[in-house]
Amino acid sequence: MTLKALMLGCAAAAMATVAFADEDAVLSIEGETMVTQAAAPAHMENVDTVYSGWTFRTPETQALQLDDFDNPAFVFVDQALELYETADGTAGKSCMDCHANVADFAGLKTSLPRVEDGELVTMTNLVNECRTERMGAEPWKYSGGQMSAMTALLAHQSRGMPMNVSIDGDAAPFWEKGKELYYTRVGQLDMSCSNCHEDNYGVMIRADHLSQGQINGFPTYRLKNAKINTTHGRFKGCMKNIRATPFKEGSPEFKALELYVASRSTGLSVESPSVRN
Ligand code: HEC
Ligand code: HEC
């Protein structure tokens, strides 16, 4: 049976109610309560409430995010902190030489991607800009280990703050493009992001509980591959699952899609680094 047939079968059975492990479960990390459900932003026509992916995980997976000592992502966050303090490149500088306090990056994740000089930029782009333009260092691979860890460290500074990307003005054309990609059917299974994450969230797909595909928890640690996973890495995996040729990580298509999906996460707390299966 194809994934799509399986999906449709499940969908028919479960469409009426959205099933959560426990809809009222509260995500409180180190004494701070996260917003895991919020009224959908006005631009989302087909959904009333947005839910963090955490809501859909099993109690065992959920528990790993409640305490930073249990959260396996923090091994990588600690590694990033070391990178942050280490000089690299011809200028002989570390991140810390110019950004003395990593906590100053609080808020950044909530507003990315954003437009600068007519270009859509992600956190990864900003980090690599510092590496190449200001440190005289090689750029890190888009979803490589160092970059994933560094963006997890920087995004973590915004934990608990609501996602709030800007989608109008200069950002509007990028957002429109991302929206179009989100609703376009692709691949051998001829499915769009919306077919799963908008039409069928709450449904079980094989052993996996479909979420709304939000990105407030990214970068995220996945139990499946025991490492930090980036937004574009996840988009790529979802495209492969529907037998589509994925766009490249860091491509204009994935950046536009990231902006659009980030706008669907509006109001949800940044959970980075989250834990998913
Ligand atoms: C030689 C100084 C210098 C070094 C070294 C440096 N940066 Fe920067 N960085 C800047 C300047 C200047 C800006 C632009 C102004 C600003 O936002 O602070 C910037 C901007 C940024 C931004 C965007 C911040 C925002 O709010 O828009 C990020 C993210 C960033 N740097 C991360 C890093 C990381 C991670 C490293 C180490 C890999 C690093 N930087 C190394 C000087 C530096
Ligand atoms: C065939 C169904 C299907 C399609 C189509 C699909 N996904 Fe997914 N996606 C999944 C499943 C299953 C998961 C893992 C469980 C979950 O979090 O929903 C997932 C997870 C995700 C996550 C991680 C959510 C979190 O909280 O960690 C994101 C983000 C995501 N998808 C985005 C997308 C985007 C963008 C597209 C379109 C390019 C897409 N997906 C297409 C099935 C799909």
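Reader: How do the residues of the shell around ligand 2 divide into nonpolar, polar and charged?

Author: The shell around ligand 2 comprises 15 nonpolar, 9 polar and 3 charged residues. Ala, Val, Leu, Ile, Met, Phe, Trp, Tyr, Cys and Pro count as nonpolar, Asp, Glu, Lys and Arg as charged, and the others, Gly among them, as polar. The model is predicted: local features need pLDDT of at least 70 and side-chain atom pairs count only at pLDDT 80 or more, whereas totals for chains, interfaces and linings use all residues. Residues are numbered from 1 along each chain as its sequence is written, while chains are lettered from A and ligands numbered from 1 in the order in which they are written.

Reader: What makes a residue one of those that surround ligand 2?

Author: Its C-beta atom, placed from the backbone, must lie within 6 Å of the ligand. In this model 27 residues surround ligand 2, and the closest are G53, C193, C196, G213 and C238.

Reader: Which helix gives the most to the shell around ligand 2?

Author: Helix 9 does, with 5 residues; a helix here is a DSSP run of H or I, at least four residues, numbered from the N terminus.

Reader: Which residues of the protein chain belong to domain 1, and which to domain 2?

Author: Domain 1 covers 3-69 + 166-276 and domain 2 covers 73-156, with bounds from an automatic or database domain assignment.

Reader: How many residues of domain 1 are in contact with domain 2?

Author: 22 residues of domain 1 are in contact with 22 residues of domain 2, contact being C-beta atoms, placed from the backbone, within 7 Å. Helix 10 gives the largest share of the domain 1 side, 5 residues.

Note on methods:
Two residues are in contact if their C-beta atoms, placed from the backbone, lie within 7 Å. Helices (H or I, at least four residues) and strands (E, at least two) are DSSP runs, numbered from the N terminus.
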